[in-house]
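I opened a new file today and kept notes as I went. The entries are in the order in which I looked things up.

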Amino acid sequence: MLDHEQVVIRTGPRTGLPVIIAVHSTALGPAAGGVRMWRYPGWRDGLADALRLSAAMTAKFAAAGLSNGGGKTVVALPEGTVLDGPRRRDALHDVGDAVAALDGAYSAGPDVGTAPADMAVIGEITPHVFCRPAEAGGSGDSSPHTADGTLAALRAAARHLYGTRSLAGRRFGIIGLGHVGEHLAGLLAAEGAELTVTDIDPAKRPKAEALGAAWTGPDEILGADVDVLVPAALGGVLTEQTVARLRCRAVVGPANNQLASPGVADLLHRRGILWVPDYVASAGGVIHAVTTELHRLGPGEARARVAAIEDTVTGLLDTATRSGRTPAEAADELARRRVRTAAP
Ligand code: PHE
C-alpha cells in the first residue's frame, strides 16, 4: 500500500533530470521538506529516498508540535554529475514548476545538495519555498538552527546518561562536516568537548583540525571509542553490521533516516546504546523556518522553540524508561498520535 498522499515524478523539461516530489501527509497542515539534489544509481533509488525522507518529515513536524505535514523533493543526478551555472538554474526552475503545480500542498526548503541561494531561484517560479536568503525575503540558512537543535538533543541525552547536561569533556564522533555537521562541531568544540571527525571528502580535514578535532576515516569512526556518535551526513549509517561495531553509549545526530531499517532501533536498545530518533534531533531547521516564515514570530521565539527540543527529548526518554519501550517507539507513538488526532 502506498502510504503517501501523492507522489509526482517528472522529467524536468529544461534539464531532462528526474524531479520527484513525495507528499507524505497533509493531515496536520501543508507539507514541507527539503530539496535533495544528489547522485543516485537511478531515478528509482531517488524515488525510494524521497518516499522515506518525506515520511520522516511528517514525523519531524508532528514530534515538534508543528502544524505541517511531510514532503521531500529529490532531483536524482547521474553518478559523477556536478550541477552548476545555467544548468543548475534550469534544474531549480524544473523543481519550481513541480512545486507550483502542487499549489501549496507542499513547500520546498534546503536539503543535502541545496542552499538558500537555490531557494531564491526556486522562488522565481513559486512562493512555496522556505529559507531564501534574507535579501530575498526568507529566513536564510537553516543549518545553524538544525545544529542548535541537535545540541539541545545532545544535552538531554547527556542528562539521561550522566545526570548532567554539560557536554564539556565528553567525546563525540561526528560523521560528516557538511552544512550542519560543521556548525555542530563548532558548538561542541566551544563547549569543551573532545571531537573526532570524518567526512567522505578529505578536503574537509583542515576545517576539522582548525577546531582541534582528530580526523579519522568514514569507516573507522563507527568503531571509535567515543561517548556519543553523531551522524550528520547521509542516511542509512546504522545497520545490523555497523551497530555490532559501535563502542559508544549513544547515537544522536541531525542526519535524516539514520536507520537502515526500523528494526535497527531494537538492536541499539539491546546493546544498551541510547538512540535519539533522528527526526527529533534534526528538527531545529524546520522549527526555525516555520516559526519565522509562517508564524511570523521573532528570532527570540524561534530560538526558544528550537531549544525546547531538549525538553521534548527528555520527555521521550522518560516515557521510554517508564514504559519499558525504546525511545524510537516512544517518539513514533507521539508523532502518530498527533497525526491521528488531527486527521478529519
Ligand atoms: N532539510 C530540512 C530537514 O530535513 C528541510 C527543511 C529545512 C525544510 C527548512 C524546510 C525548511 O528538516
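Entry 1, ground rules. I am working with a predicted model, in which local features need pLDDT of at least 70 and side-chain atom pairs count only at pLDDT 80 or more, while totals for chains, interfaces and linings use all residues. I number residues from 1 along each chain as its sequence is written, and side-chain values use heavy atoms, with hydrogens and water left out.

I took helices (H or I, at least four residues) and strands (E, at least two) as DSSP runs numbered from the N terminus. Two strands pair if DSSP finds at least two bridges between them. I found an open, mixed sheet of 5 strands, ordered β1-β2-β4-β3-β5. Neighbouring strands here are turned by 20 degrees against each other on average, direction ignored. I then checked β2 (residues 18-23) against β4 (residues 69-77): they pair in the antiparallel sense over 5 bridges. In that part of the sheet, A22 stands opposite K72 in β4.

Contact means heavy atoms within 4.5 Å. Axes are lines fitted to C-alpha atoms, for helices over the stretch in contact, and angles run from 0 to 180 degrees between N-to-C directions. Helix α1 lies across β1, β2, β3 and β4, at about 155 degrees to β4. Helix α2 (residues 85-101) lies across β1, β2, β3, β4 and β5, at about 35 degrees to β2.

I found 6 strands in an open sheet with parallel pairing, ordered β8-β7-β6-β9-β10-β11. β8 (214-215) and β11 (274-275) are the edge strands. Strand β6 (residues 171-175) runs parallel to β7 (residues 194-198), joined by 5 bridges, and F172 stands opposite L195 in β7. Helix α5 (residues 179-190) lies across β6, β7 and β9 (228-231), at about 170 degrees to β6.

I used a 1 Å grid over the protein atoms alone: a cavity is a set of points where a 1.4 Å probe fits but cannot get out, a pocket is an open set with protein on both sides within 12 Å along at least five of seven lines, and lining residues have an atom within 4 Å of a point. Points are joined across faces, edges and corners, and a volume is the space filled by probe spheres set on them. The second largest pocket holds about 1,000 Å³. It has 38 lining residues, of which R52, A55, A56, N257 and Y279 are the closest to its centre. Helix α1 gives the largest share of that lining, 8 residues.

Helix α4 (residues 143-162) supplies the largest share of its lining, 5 residues. Y162, R170 and F172 are among the lining residues.

I counted a charge if NZ of Lys or CZ of Arg is within 6 Å of the ring centre and within 35 degrees of the ring normal. The charged end of R170 sits over the ring of Y162, 3.6 Å from its centre. R39 lies over the face of W38, at 4.7 Å from the ring centre.
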